[in-house]
Amino acid sequence: MKPVNHRAWFLVAPMLVLVAFTAVIPLMTVVNYSVQYVATNAQFHWVGDLWFREVLHSEKFWNALWRNLVFSGFILAIEIPLGVLIALNMPRKGWGVPVCLVLMALPLLVPWYVVGMIWQMFGRVDIGLMGVMLRDLGYNYEGDPIDAWFTLILMDVWHWTSLVALLAYAGLVSIPDAYYQAARIDGASKWSVFRFIQLPKMARVLTIAVLLRFMDSFMIFTEPFAVIAGGDPVFLSTELKQTVELGQKAAMSLIYFLIILLFSWIFYTVMTRDDGEPQSPGGAS
Amino acid sequence: MARIDLDNIRHAYAPNPTQESDYALRRVNHAFEDGGAYALLGPSGCGKTSMLNIISGLVAPTEGRVLFNGEDVTQRSTEKRNIAQVFQFPVVYDSMTVRENLAFPLRNRGVKNAEIRKRVDEVIDVVGLGALASRRARGLTADEKQKISLGRGLVRPDVSAILFDEPLTVVDPHMKWQLRASLREVHRRTATTMIYVTHDQTEALTFASKVVVMYDGLIVQVGTPAELFDKPSHTFVGYFIGSPGMNIVPASLNGASMQIGAHVVPLASAPRVDGQRKLEFGVRPEFVRLGAQGIPATISRVEDAGRYRVAHLNMDGNAIAALLREGEEVPASPHITFDPIGVHLYADSWRVDVAGAGAQ
């Protein structure tokens, strides 16, 4: 047997230090806060799971969590099919390809807060283009939570559907022509081509798209903050901002974090369970 | 099942072809008889795959007509032509099991379940996928995936023809023999027209009863393996078929004899050939004899190919290969003679028929 040279571990050390400073230490600080009461004189008192119990018994927390889930549900239900539909209809060659790609990428380049500001103005019933147009239908995002919901979802769809479309497009263009030819030989319908060729080939990138859009929409903060400035609807992130006690904030953060982790894990496990063994080399090229 | 006619097919991939070199298929006229087993043989880029895709309707030819049983199908879609085609690299539906993959072409055409089950079971036997039948296609090896592709090509009983586009490229050598034998067996049983594209002469000669040799967008010869060997109608056929290929040497014509450098090889009769054409003399290594008389040459090397040996000689600057018979010694100062039945004359690369070619 070859002797094992443990000095190789030293090569990993810089990375461990980096990860410690970027992730582990900040996270553990939060864990530390979550089990203490911080008095005004900067004295820390051990309180055990008090803050966690408080958060889990808070009606506001559960309402915000529920709202977040519904919001993410809407976002995924709209953006994923819409993005795939757009990708299916994007040109595959010619001058249309770069034009489409640039147009699609534009919303992704706008900073979150600016997106919020754009829609905040766009939707205003006194001067906003959309607000004025919809005013007669009774639209007013500042007074009506349903309208605020509608505005936020529309804004997110405008901002992020491109990401899904671009990812799906990347999956689509990687399908070799032979697959479409074989489908014609086999007499497959358009739906069968989508169901058995395009969708399976897009599955991996769509997993990424679903994860990214879920995490991002679940953590949404900047845009509602810009549009409705802490009004209704209240999301977990905005609720978190309004919480005063440091320990309670920490406990809530941890719960929030664990929920995102749990959902991401569920999505990932469900969407990749069909993968089976890794792809064999060779394959279609 | 169908007879397939290609009538003056020309094809260029770029629009508005202006010159001959723009065409991937320069002009093809050929009839594939109903129930025949054909091999399309030629080097990469000679137009084999284009021709196959034109037959199946995946590609529409720039000019010409495709006829199935005398009926013009040039404008008909792939689906309506009812053709099976197997591609060079495996195409499988990842999310389906092996069995579902094989049933897919039948299911799309509304075949009854009982019939589907029967056909799929048969095909699973033919391609040897029994152990994997209910496995998902995604995790299989390239070999196994290609067997699925092959199986999907064989599963429909009523196709006009089955086209194979170098189907065994990714398959292990030992399995190639087995699968080719299975294909031949299927052909014998069903008498479906089969066209098998390959660039491997062994594969072509063992699969097909008729071999169609293509070169540079043209069909240069159609014949049985023996015809391709005995009377190659184009220098390419001579060179491409046989191992080693035919010796081809520039020559000129002098009445009823060929002039090769300073030497004369007599012909049986004086062929009528336009003096402007480039003339070449061709002889397979099997018909080159070494002895004490004839045209002097020098040995450059002797190659041992296992069952036989090949002597590579230099004859006035022209390379000549000669097959040595078992136990045959290479003479110290070899002289070359040619067996008259193996001597061919080529004008602009095409064979000139010389009635009973030259006696020595």
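The following legends describe several views of a predicted model.

**View 1. Chain A and its order of elements.** The secondary structure of chain A consists of 12 helices and two strands. Read from the N terminus, the elements follow the order α-β-β-α-α-α-α-α-α-α-α-α-α-α.

**View 2. Chain A in outline.** The C-alpha trace of chain A extends over about 80 × 75 × 30 Å along its principal axes. Chain A has a radius of gyration of 24 Å, whereas a compact globule of 285 residues would have one near 19 Å. Of its 285 residues, 25% count as buried. When contacts in chain A between residues at least 6 apart in sequence are considered, 73% of them join residues at least 24 apart.

**View 3. The two domains of chain B.** Chain B is divided into domain 1, residues 4-230, and domain 2, residues 243-352. A distance of 38 Å separates the C-alpha centres of domain 1 of chain B and domain 2 of chain B.

**View 4. The loop around Ala191(B).** Ala191(B) belongs to the loop of chain B that runs between helix 6 (173-190) and strand 8 (194-198). Its phi is positive, at about 55°, although Ala191(B) is not a glycine. Most residues other than glycine have a negative phi. Ala191(B) counts as partly exposed because it has 13 C-beta neighbours inside 10 Å, a count between the limits of 12 or fewer for exposed and 20 or more for buried.

**View 5. A cis peptide bond at Pro244(B).** The peptide bond leading from Ser243(B) to Pro244(B) is cis, and its omega is near -5°. In general, most peptide bonds are trans. Pro244(B) is located in the loop between helix 9 (235-240) and strand 11 (247-250) of chain B.

**View 6. The loop around Ser349(B).** In chain B, the loop between strand 22 (343-347) and strand 23 (350-352) contains Ser349(B). Ser349(B) has a phi near 75°, which is a positive value in a residue other than glycine. Because 18 C-beta neighbours lie inside 10 Å, Ser349(B) counts as partly exposed.

Notes:
Residues are numbered from 1 along each chain as its sequence is written. Chains are lettered from A and ligands numbered from 1 in the order in which they are written. This is a predicted model: local features need pLDDT of at least 70, side-chain atom pairs count only at pLDDT 80 or more; totals for chains, interfaces and linings use all residues. Helices (H or I, at least four residues) and strands (E, at least two) are DSSP runs, numbered from the N terminus. The radius of gyration is taken over C-alpha atoms; the globule rule is 2.2 Å times the number of residues to the power 0.38. Two residues are in contact if their C-beta atoms, placed from the backbone, lie within 7 Å. Domain bounds come from an automatic or database domain assignment.
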